[in-house]
Amino acid sequence: MAKILMIHPDKCTGCRNCELACEFVHEGQFRPAATRVQAYSWEREGISVPMLCQQCDDAACVKVCPTGAMHRSTTLANLVDWDERVCIRCKMCTVACPFGNARYDAASSSIFKCDTCQGAPECVTFCPNGALEYVDDTQQVRSRKKAYAAKFKDAFQEVS
Amino acid sequence: MFGWTGTILRVNLTKGKVSREATDVKLAHDYIGARGLGVRIISDEVDPKADALGPDNKLIFAPGPLTGTFAPSAGRFDVITKGPLNGVIAASNSGGSFGPELKYAGYDALIIEGKAAKPSYLWIKDDEVEIRDAAAIWGHTTPDTTDLVRAATDEDAKVACIGPAGEKLALLANIMNEMFRAAGRTGVGAVMGSKNLKAVAVYGNGAVRVADPEAFKAAVMKSRQMIQAHPVGGAGLKAYGTDVLVNILNQIGSLPTRNYQDGYFPTADKVGGESLAAKQLIRPKGCFSCIISCGRVTKVDNPAYQGAGEGPEYETAWSFGPDCGIDDLDAVTKANFLCNEYGIDTISLGSTIACAMELFERGVITAKDTDGVQLTFGNTAAMVEMTRKACTGEGFGAKLAQGSYRLAESYGHPEYSMTCKKQEMPAYDPRGVQGIGLNYATGNRGGCHVRGYTIAVEVLGGAGGMDPRVTEGKPGLDILFQNLTAALDSSGACLFSTFGIGGPELAEMLSAATGVEYSLEEFLKIGERIWNAERLWNLKVGFTAADDTLPERLLKDPIKTGPAKGMVNRLDEMLPGYYQERGWDESGVPTKAKLKELALV
Amino acid sequence: MDVQYFATFRDLAGERARRIDEPPATVGELLQALAGRYGAAFRRAVFDGERLSPIAIILVNGRNVHFTGGLDTPLAPDDQVSIFPMVAGG
């Protein structure tokens, strides 16, 4: 049963609980540079969007990695994992990712990229608004599709 | 240190000097942080007789030890200074993300001293601190200032700034952060303006650590669950915002109407949270680490009052709405947007306009005074026009921006100013709700609801509540709320987390975060200590028991219509008991024994 | 008798207010009748089993019924009843 971390920006309030949870699970402290997920806010528009690794099937970071440190996980579906033992910190992955979701952290000499907390994502637990969802890949967009379909249901109910 | 960063940043604008000092461990233990720490520093370093708008006053930005962690809805900070509106130690609380960013930059407090020679702003990036020229941003609204400062520093910097009102030293001027959050009351914006300081920008790459990560996480998960299970903290505030209170207060007949001339407003529903949700709400918004999301992202399409931003909150909808005899939500929201942009306190300004309306209707002032405007209750266009003028400081607006006490007094009728200790009371009529009246009267910063929010028990209490119409038991209720809130404010938590958790949970999270064992008793005692320290300052400034009172209207003139018709506030039944239970003498002065008990001698 | 609904009760009732020409004798009976009309979700919001829900705010002429006898609070023909969920603060 493969799961996907789905984002719902329409539900994001910009509270950054996801970031705090991510920092804490990885380092046991609250250091903004350590979060793999980031919720960006635009104040005037009142919109916030969480951004994190999309675990691409055909990942640029995997393609470009010279040592295989970036690789598709063989234990967990829908996960591009990072093996720090063979990583040479060349940072090519950070250059290759078109979304900017892989980052080099000098303080810890690591590549930061969402690892879904190995299948138990803390950000999903901590998000108070359902803006992050860890869902079966067959039902990935179900909640959004159905929510929109419900608008038609309401409209039709009124006229029938 | 854990929770705390261990460092305080001090900037002297007169000398252009930046220094750092270690956070005093004993002070941190005994006052926690934020409001408490700020109260202690102001008490120790500023002369109570100092001119609040002079260079000897100090302006402190201080988060709490929980700020910057994932304690639920605990990302707050205080602005602490001698308040120019009334001389008390102002500790104005705000959310957004500015407080956490100060922690990540490495600071438990930022103390600003002196006065810059010319308009300046501060740029703090971890341990790099610059005092920069603000000529290019002086005069701008708070949103524009935020964008301009970020363009000149870092696009992700968090910015706290004043608008034109603070630059003009308006006594109602506030400090805005993240464009729509406010350190609103008591004129803290004017202090910042008096120091020629336009903005503080901060960006931090550091870390906030907790002493016992496992225990902290467990305490946090428990608190989160309790808040999420609470009808207000878990659902109500997100769905409707604070503005849902309009109808509740009106239905119990305690919605102050037309400058507190009455307590019931028949068309209140039009400016309530239900109407807001239906007409103007785009989506909810949450501050840093917040799980409650009471913030409202809103817009007004009506071309007459067109605008976008956040709010209004309940107190704002009340002050520009029913308090002015107005039921036009678009106009009320527009007034709110203007106040945010220009940096002025919505509660006090709305109430001041209401005061002016009463003076006008009574013939004390005329259209000659009000720039030709017919400033009567219910005149929506006039309310918005006067709001705009107060924001820009032009014409009659310049007087409004100084607050209702000075306005009414200047025309020989201070009795029409609905203030306690010169600060405007908010949106709960104490004639219908006895305990909040005691809180207004005894409040250290004057008319204020948040520092002793007995409404939670007297109006919203459900089965566990207390009857708002009785005075029995109210002294104890007020004291408990005042003490608990002082400690809560000082830890960095948001007041709304009390819709779910209380002293025990806060003390538990604080202990696990800091590594200092705070029992519930100790936590409340610290709150009591802070309250008494604020009181001692007020006594030195010249406040006496005579100032622990309400406007005559609320003691003598009964509510005219509605469910609470015929009622007055019976402060005299509550005040003596309050002094006694606080361990103060009959003049409201803390006894030597009480001060010794609190280690305040 | 006028019964007015606020906040989420407007959705639960599907209306903002209802006039009741012959009101029952007590608040409890009124709420039973309303629950019968509006359905299970409404019932759950006002009752906790047989008792008044601790998180419902029922006002009769502006008085919270928790202080006037709860479900036994008597009703008169020209009383005003307001029904709120516990929703907010600030």
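Into which domains is chain A divided? There are two entries to remember. Domain 1 covers 1-52 + 114-160, and domain 2 covers 56-105. Before I go on, a caution: this is a predicted model.

Let me stay with chain A for a moment. The C-alpha centres of its domain 1 and domain 2 lie 22 Å apart. The two domains do meet. On the domain 1 side, 13 residues are in contact with 9 residues of domain 2 of chain A. What is that domain 1 side made of, by class? It divides into 7 nonpolar, 3 polar and 3 charged residues.

Now the chains together. Which chains make the most contacts? Among the 2 pairs of chains that touch, the answer is chains B and C. Chains A and C do not touch. Their nearest C-alpha atoms are 14 Å apart.

Take the contact of B with A. Here 26 residues of chain B are in contact with 20 residues of chain A. On the chain B side, the largest share comes from strand E13, residues 281-285 of chain B. That strand gives 4 residues. By class, this side of chain B has 15 nonpolar, 6 polar and 5 charged residues.

Next, the contact of C with B. Here 20 residues of chain C are in contact with 30 residues of chain B. Which elements of chain C give two or more residues to this side? They are strand E5 (56-60) and strand E7 (80-85) of chain C. E7(C) gives the most, with 3 residues. The chain C side divides into 12 nonpolar, 7 polar and 1 charged.

A word on chain C by itself. It has 3 helices and 7 strands. Along the sequence, the pattern reads β-α-β-α-α-β-β-β-β-β. How compact is chain C? Its radius of gyration is 12 Å, and the globule rule gives 12 Å for 90 residues, so chain C is as compact as a globular protein of that length. Along the principal axes, its C-alpha atoms fill a box of roughly 30 × 25 × 25 Å.

On to chain B. Its domain assignment gives domain 1 (7-203), domain 2 (257-424) and domain 3 (434-597). For domain 2 and domain 3 of chain B, the C-alpha centres lie 26 Å apart. Across that boundary, 15 residues of domain 2 of chain B are in contact with 21 residues of domain 3 of chain B. Where does the domain 2 side come from? Two strands of chain B give two or more residues to it: E16 (419-420) and E17 (423-424). By class, the domain 2 side divides into 7 nonpolar, 3 polar and 5 charged residues.

Let us look at a sheet in chain B. In it, 6 strands form an open sheet, in the order E8-E7-E12-E9-E10-E11. The pairing is mixed. Which strands stand at the edges? Strand E8 (128-133) and strand E11 (181-183) of chain B do. Each has a single partner strand, so one side of each is left without a neighbour in the sheet. From one strand to the next, the twist averages 20°.

Strand E7 (residues 120-125) and strand E12 (residues 197-203) of chain B pair in the parallel sense, over 6 bridges. One bridge to find on screen: B:Tyr121 has B:Ala199 in E12(B) as its partner.

What lies across these strands? Helix H3 (residues 98-105) of chain B lies across E7, strand E9 (158-161), strand E10 (175-177) and E12 of chain B. Helix H3 runs at about 60° to E12(B).

Last stop, two helices of chain B. They are helix H20 (residues 503-514) and helix H21 (residues 520-541). Their axes come within 9 Å. How do the two helices cross? The axes cross at roughly 95°. Angles of 65 to 115 degrees count as roughly perpendicular. H20(B) and H21(B) are therefore roughly perpendicular to each other. From H20(B), the contact uses B:Gly503, B:Pro504, B:Leu506 and B:Ala507. From H21(B) come B:Leu520, B:Phe523 and B:Leu524. By class, this contact has 6 nonpolar residues, 1 polar residue and no charged residues.

Key. Residues numbered from 1 in each chain as written. Chains lettered and ligands numbered in written order. Predicted model: local features only at pLDDT ≥ 70, side-chain atom pairs only at ≥ 80, totals over all residues. Contact = placed C-beta atoms within 7 Å. Nonpolar A, V, L, I, M, F, W, Y, C, P; charged D, E, K, R; others polar. Pairing = 2+ DSSP bridges. Axes fitted to C-alpha atoms, helices over the stretch in contact; angles between N-to-C directions. Parallel < 35°, antiparallel > 145°, perpendicular 65-115°, else oblique. Domains from an automatic or database assignment. Rg over C-alpha atoms; globule rule 2.2 N^0.38 Å.
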